[in-house]
Amino acid sequence: MAASEATGAAQIVALGEPMVEFNQVHPGEPNYLQGFGGDTSNAIIAAARQGARTAYLTRVGSDTWGDALMALWRAEGVATDGVARDAQAPTAVYFVTHDGDGHAFSYLRAGSAASRMVPAGLPRDTIEGARFLHVSGISQAISASACDTVFEAIAIARAKGVQVSYDANLRLKLWPLARARAVIRETVGLSDLFLPSIEDAQQFTGLDGEDAILDWCFEAGARTVVLKLGKAGAVLATPSSRERIAGHVVRAVDATGAGDCFAGSLLARLAAGDAIAQAVRYANAAAALTTTGFGAVAPIPRPEEVRGLLAMDPDRK
């Protein structure tokens, strides 16, 4: 029995930068819906909504938005013992705008509290007691100390047999492509589950085809890869097998956070004992549903909604 199962500790622990979100409701109009975001925060909330025991590790400002995020996590059942408050730095903010080409992000995150994370601040017991540690490339990009903190968290996890989940979440506004490629490649080799999107993977590999991208991942040391294809679904791959798992057609209005919902939902189902292909099918449905509402957090579905969508296509249960 895993430590998390025996003690009631978090099954899934995520580390990263949470943010306050202002999402444009109608293209071209100055009306924004206030919500919350930050890739690993989105993912851990998705995992919690699917029933997993969860914890989040980060720093937030001693400000109104830091208070709001703390209240959010507590309301969602995400343990906050590993969240530090910083009186010297603000909680990060971002804006989402929409047009005919999709959505775009604008960030106010330089010098954020989360960018001041350091390895010495990590709660080792929380990581060591989990089944999964989830980290991302964004957390590695926001500062050198945050990048060091991610690698230290991975080292703590690996030393105790905790599985590491990694989403590259490439943001070239945050760091140069050459550094991103080097750090991502290094982290892939330390991860048990790699969850890149096809768009990100094309940039950090310099390749186009799915098979070529997957070959790159396994050459870098990946063990299991779930290549996210958006509404087309995902490819589940190991060094010896590749399986395409179909997505779902929904009336999408905002794709913000869909990949994060996918990651958290996938990990929650793995923690619940699902086989990975079954967990990917569930994650596809959860991610599709989260695109039907605005914002990264508010539309994250509950299990009954996901089961309802899966029930519409028995072949994908």
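Tutor: Start with Ser41, which is found in helix H2. The model is predicted, and the mean pLDDT of the chain is 93. Ser41 is buried, with a relative accessible area of 1%. The cut-off for buried is under 20%. Leaving aside residues up to four places away in sequence, Ser41 touches Pro18, Tyr56 and Trp73.

Now the whole helix. H2 covers residues 39-49. Of its 11 residues, 11 are buried, so H2 is largely enclosed by the rest of the structure. Among the buried residues are Asp39, Thr40, Asn42 and Arg49. Ala43, Ile44, Ile45, Ala46, Ala47 and Ala48 are buried too. Just after H2, Gly51 takes a positive phi of about 105 degrees.

Next, a neighbour of the helix. Glu76 is found in helix H3, residues 64-76. Glu76 has a relative accessible area of 14%, so it counts as buried. Its contacts, not counting residues up to four places away in sequence, are Ile45, Ala48, Arg49 and Arg302. Ile45, Ala48 and Arg49 are buried residues of H2. Glu76 also has a C-alpha separation of 9.6 Å from Thr54, which is 22 residues apart from it along the chain.

Ile45 leads on to the core. In soluble globular proteins, nonpolar side chains tend to be buried together. The largest nonpolar core here has 51 residues. Ile45 is one of those that touch the most other members, along with Ile12, Trp73, Val226, Phe262 and Leu266. Trp73 has already come up, as a contact of Ser41. The largest share of this core, 10 residues, comes from H11. Helix H11 spans 276-290. Phe262 touches Val280, Ala283, Asn284 and Ala287, among others, once residues up to four places away in sequence are set aside. Its contacts also include Val226, Lys228 and Ala234. A second, separate core of 48 residues includes Met117, Ile138, Ala141 and Val225.

Rolling a probe the size of a water molecule over the atoms shows where empty space is left. The volume of the largest pocket is about 1300 Å³. Its lining has 45 residues, and His103, Glu199, Ala255, Ala258 and Gly259 lie nearest its centre. By class, the lining splits into 17 nonpolar, 17 polar and 11 charged residues.

For contrast, take an exposed site. Pro239 sits in the loop between strand E13 (234-238) and strand E14 (241-245). At a relative accessible area of 62%, Pro239 is exposed. It still touches Phe218, Ala222 and Arg223, not counting residues up to four places away in sequence. From Pro239 to Thr64 is 47 Å, C-alpha to C-alpha.

Finally, confidence. 97% of the residues reach a pLDDT of 70 or more. Residues 1-6 fall below 50, and this stretch has 12 contacts in the model beyond near neighbours in sequence. Where pLDDT is low, the predicted coordinates should not be read in detail.

Key:
Residues are numbered from 1 along each chain as its sequence is written. This is a predicted model: local features need pLDDT of at least 70, side-chain atom pairs count only at pLDDT 80 or more; totals for chains, interfaces and linings use all residues. Side-chain values use heavy atoms; hydrogens and water are left out. On a 1 Å grid over the protein atoms alone, a cavity is a set of points where a 1.4 Å probe fits but cannot get out, and a pocket is an open set with protein on both sides within 12 Å along at least five of seven lines; lining residues have an atom within 4 Å of a point. Grid points are joined across faces, edges and corners, and a volume is the space filled by probe spheres set on the points. Helices (H or I, at least four residues) and strands (E, at least two) are DSSP runs, numbered from the N terminus. Ala, Val, Leu, Ile, Met, Phe, Trp, Tyr, Cys and Pro count as nonpolar, Asp, Glu, Lys and Arg as charged, and the others, Gly among them, as polar. A nonpolar core is a set of buried Ala, Val, Leu, Ile, Met, Phe, Trp, Tyr and Cys residues joined through side-chain atoms within 4.5 Å. Buried means under 20% relative accessible area, exposed over 50%, partly exposed in between (1.4 Å probe, protein chains only). Contact means heavy atoms within 4.5 Å. pLDDT is the predictor's confidence in each residue, from 0 to 100.
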